[in-house]
Amino acid sequence: MRFTNDHIQHYQENGFVIVENFLTTEELARAHEEIQRILPGWLEFAQDPEAPKPEDWNRPPKSRRNTRFPFAGDQLNAVTLHPDLRKFAALNAGHDDLICEQGDLHYKCFGHASDMDQVMHLDYLNHTLVYPPKDPKYWQTAYLIYYTDVTEELAPTAVCSWKHYQEDILWPTAYEKEQRSELYENEVLATVPAGSVLAYSMRTFHRGTAFKSEGARIGEFITYAPKNCPWLGIVGWPEQGVHKSFRIWIEKASVEEREMLGFPTPGDSYWTEETLAGVAARFPDMDMSPYSQ
């Protein structure tokens with residue numbers, strides 16, 4: 001497996017790990033061929049920032065269909081379902097009863113609408129209807145595959161080890177630097193060669209950084225989740241979890257209405273002292289009594 005024992009230990013201790021050159025030279029080259037067809041001009045510009053920017057480089061795409069799994073081609077699909085990504089996620093969860101819940105190409109450049117300094121945040125708002133517990137049984141493992149080189153100038157992902165935050169309940173899910181300076185002071189930048197991967201958890205604070213010079217970055221977000229947990233998955237109802245209107249609906253809905261979206265039922269083994277507190281923090285106006293009995 002391409003994740004070594006040192007990689008596994010680092011992830012378990014920090015909530016993330018960076019693996020350089022995860023893809024072979026051949027895998028990366030075949031992925032580049034497909035990216036050139038799916039995103040005309042983007043790979044060329046990423047490799048030569050002095051070249052013209054891609055046509056319509058800052059115009060929102062009419063559809064995300066071409067940049068979401070399954071892709072038109074074999075190699076990007078093979079990367080998305082790479083056996084070592086599944087093995088590593090299985091190690092984290094303690095079981096291999098998994099699904100791939102996400103495979104999204106992501107691309108941005110200097111001046112692009114996505115070119116910004118994000119705040120430190122957790123990703124679980126749009127990956128679960130509820131809360132990511134400490135129990136590994138329910139762990140989702142997220143990956144960011146970098147198909148182009150990432151330097152400090154080219155918007156590296158910043159990630160903070162969970163050694164630097166020890167609160168019992170991870171809520172709120174985002175902090176400005178003035179609110180939690182330690183998250184920013186201890187961030188690690190994923191400056192890596194093309195073909196590398198960042199693995200992180202739904203309990204790991206991270207953020208996108210802004211470009212400092214002309215250039216582009218192309219990557220793919222891939223996430224694995226346990227099967228038979230309909231409350232998990234970014235392709236579905238959890239994707240709406242970042243919106244205030246969705247929070248209000250969840251808080252007012254009946255138990256039966258929530259279950260229609262895949263919310264865990266009362267009595268499910270998901271419900272523990274931790275998850276009850278986490279869901280109550282996320283949905284403060286929700287009646288938790290059906291789930292706590």
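In the predicted model, histidine 32 is located in helix α2, which spans residues 25-38. The relative accessibility of histidine 32 is 14%, and because residues under 20% are classed as buried, histidine 32 counts as buried. Apart from neighbours within four places in sequence, the residues in contact with histidine 32 are Leu43, Gln47 and Tyr147.

The strands β1, β8, β4, β10 and β2 form an open sheet of five strands, in that order, with antiparallel pairing. At the edges stand β1 (16-19) and β2 (98-109), each of which pairs on one side only. On average, and with direction ignored, neighbouring strands of this sheet are turned by 15 degrees against each other. In general, the strands of a sheet pair through backbone hydrogen bonds, and the pairing is either parallel or antiparallel.

Strand β4 has antiparallel partners in both β8 and β10. Six bridges link β4 to β8 in the antiparallel sense, with serine 196 of β8 as the bridge partner of tyrosine 146. Six bridges also join β4 to β10, again antiparallel, and here alanine 142 stands opposite threonine 223 of β10.

How many of the six residues of β4 are buried? Six of the six are buried, so β4 is largely enclosed by the rest of the structure. In a regular strand, side chains alternate between the two faces of the sheet. In β4, Thr141, Tyr143 and Ile145 point one way, while Ala142, Leu144 and Tyr146 point the other way, and all are buried.

Helix α7 (residues 244-252) has a buried side and a side turned away from it. The buried residues of α7 are Phe246, Ile250 and Glu251. Seen down the axis of α7, these buried residues fall within an arc of 135 degrees, so they line one face of the helix. The face turned away from the buried side carries Lys244, Ser245 and Lys252, which are exposed. Helix α8 (255-260) is included in what covers the buried residues of α7.

The largest pocket holds about 1,100 Å³ of space. Its lining consists of 41 residues, of which Arg64, His106, Gln118, Asn126 and Phe221 are the closest to the centre of the pocket. The elements that give two or more residues to this lining are β2, β4, β8, β9 (206-208) and β10. Which element supplies the largest share of the lining? The largest share comes from β2, with six residues. Strand β2 is thus described here both as an edge strand of the sheet and as a part of the pocket lining.

Notes
Residues numbered from 1 in each chain as written. Predicted model: local features only at pLDDT ≥ 70, side-chain atom pairs only at ≥ 80, totals over all residues. Heavy atoms only, no water. Pairing = 2+ DSSP bridges. Helix = DSSP H or I, 4+ residues; strand = E, 2+ residues; numbered from the N terminus. Axes fitted to C-alpha atoms, helices over the stretch in contact; angles between N-to-C directions. Buried < 20%, exposed > 50% of the residue type's maximum accessible area, 1.4 Å probe, protein only. Contact = heavy atoms within 4.5 Å. Arc of directions from axis to C-beta. 1 Å grid on protein atoms, 1.4 Å probe; cavity = no way out; pocket = protein on both sides within 12 Å on 5 of 7 lines; lining within 4 Å. Points joined across faces, edges and corners; volume = space filled by probe spheres on them.
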